Amino acid sequence: MADANDTPWPPTRAEGLRRLDAFVPRAGRAYADSRNFDHGPGRHANASTLSPYLRHRLVREEEVIGEVLERHSLAQAEAFVREVCWRTYWKGWLELRPAVWRSYRSAVADRVAELDRDRGLRDRFESALSGRSGIDCLDHWAGELIATGYLHNHARMWFASLWIFTLRLPWELGADFFFRHLLDGDPASNTLSWRWVAGLQTRGKTYLASPGNIARFTSGRFRPTEPMATTADPIPGPPPPRPRALPPADRPEPGPVGLLLTEDDLDPTTLGLDPDRVVAVAGLCNPDDRSPMPVGPLPRAFTTGALADALDRAGRAFDAPADRLAPTGSGDWPAPVLDWARRLGINRIVTPESPQGPARERVDALRDPLQNAGIGLAVLRKEWDDAFWPFATAGFFRFKDAIPETLDRLGLLALR
């Protein structure tokens, strides 16, 4: 088997930092002028290609923006800063409306069951995934996603629009297809972007792909002549729920702790923990819980490799044993965590907060078993999330207005 570092996307913090360093000079006007063009597989120099590393926090949002703002003013780098903050906005939006994530998970399960009952739907679904949809560009993007684990953001929008409005396939199955194959598959960004294209996120607003737009922003690689939807009526569905107040984060109690990592936050040295307090580190990761359908080998390898990299770094940083835990039985996560804590005499566990998604579900399932065993669990929120998430109460443009002030409060505007 090839070493993870021999892949086009080595799943390490060192690689994320290398990409950041290479991108920073282009993060200003060059990025703003070229970012919407999809030049094809392996030709994404106009993008940062940092999204898999940001998604798992192999590199953090504040250090990415901090490096960029050391080289460019906020006005010069506004387009890139805004794109990084979009990911935070989606996470905050979903955190304030967790019922939307639960509804999506339930709907995917229902749609997968529907595939077994409806042969026609299954045939159309499988044709779209296997390059037989009859739309050349969409067939190409489906193959590119499976083969590389990545799609340009503009291609993701075109694909979702064609899937929903031209092929008339359920949006939940398209979102699930992306989530199963994207290296940067993010529960919030992926789910809510598909909802936005479908007209469920911003009521009455949809995204319609057009042949002219595709031809322009692929520089003529595709010039669609196939019939495409010319209207995009919003998919029926309930309006988004009102946002809840952001729940307060846990506070760690004094004394020795075990540090538990998930794939959502793999920079373990930024929790403000005294290294002498961390007596052991463990990792909890299961790519298969992204979907009831098979998860692609590329995101599986990236996620597990990223966790291995984080455990290695954490073990050295805290001078503590670091273990990857595996579930027992059919997804029983409390058992290995309890065994790990008991074996090492751990009475308190701390973990970085996961946004809504599979890792959050995994951690939530630990609370009662740990409490019943007399083991404390503190879920610690990063300063970046605590600063930004409360602004995700409405649309992005209201959130966008808070970006300069929030960056200033985090000390990132005083870098130049």
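Biologist: Why is Asp401 called exposed?

Modeller: This is a predicted model, and in it Asp401 has a relative accessible area of 59%. Exposed means over 50%, so Asp401, with its 59%, is called exposed. As for its place in the chain, Asp401 lies in helix H18, which covers residues 396–401.

Biologist: What makes Asp267 count as buried?

Modeller: Asp267 has a relative accessibility of 3%, and because the word buried applies under 20%, Asp267 counts as buried. Asp267 is found in the loop between strand E1 (257–262) and strand E2 (278–284), and, leaving aside neighbours within four places in sequence, Asp267 is in contact with several residues, among them Arg13, Arg57 and Lys382.

Biologist: How do you know that a polar contact joins the side chains of Asp267 and Arg60?

Modeller: The contact between these two side chains is 2.3 Å, and since a polar contact requires a pair of N or O atoms within 3.5 Å, the distance between Asp267 and Arg60 meets that cut-off.

Biologist: Why is it said that E2 and E3 pair?

Modeller: Strands pair if there are at least two bridges between them, and E2 and strand E3 (residues 322–325) have 4 bridges, in the parallel sense, so they pair. From E2 the chain crosses through helix H13 (residues 297–318) to E3, in a β-α-β crossover that is right-handed.

Technical notes: Residues are numbered from 1 along each chain as its sequence is written. This is a predicted model: local features need pLDDT of at least 70, side-chain atom pairs count only at pLDDT 80 or more; totals for chains, interfaces and linings use all residues. Side-chain values use heavy atoms; hydrogens and water are left out. Helices (H or I, at least four residues) and strands (E, at least two) are DSSP runs, numbered from the N terminus. Buried means under 20% relative accessible area, exposed over 50%, partly exposed in between (1.4 Å probe, protein chains only). A polar contact is a pair of N or O atoms within 3.5 Å; within protein, one must be able to donate a hydrogen and the other to accept it, and residues adjacent in sequence count only if both atoms are side-chain atoms. Contact means heavy atoms within 4.5 Å. A crossover is right-handed if, with the strands pointing away from the viewer, the path from the first strand over the helix to the second runs clockwise.
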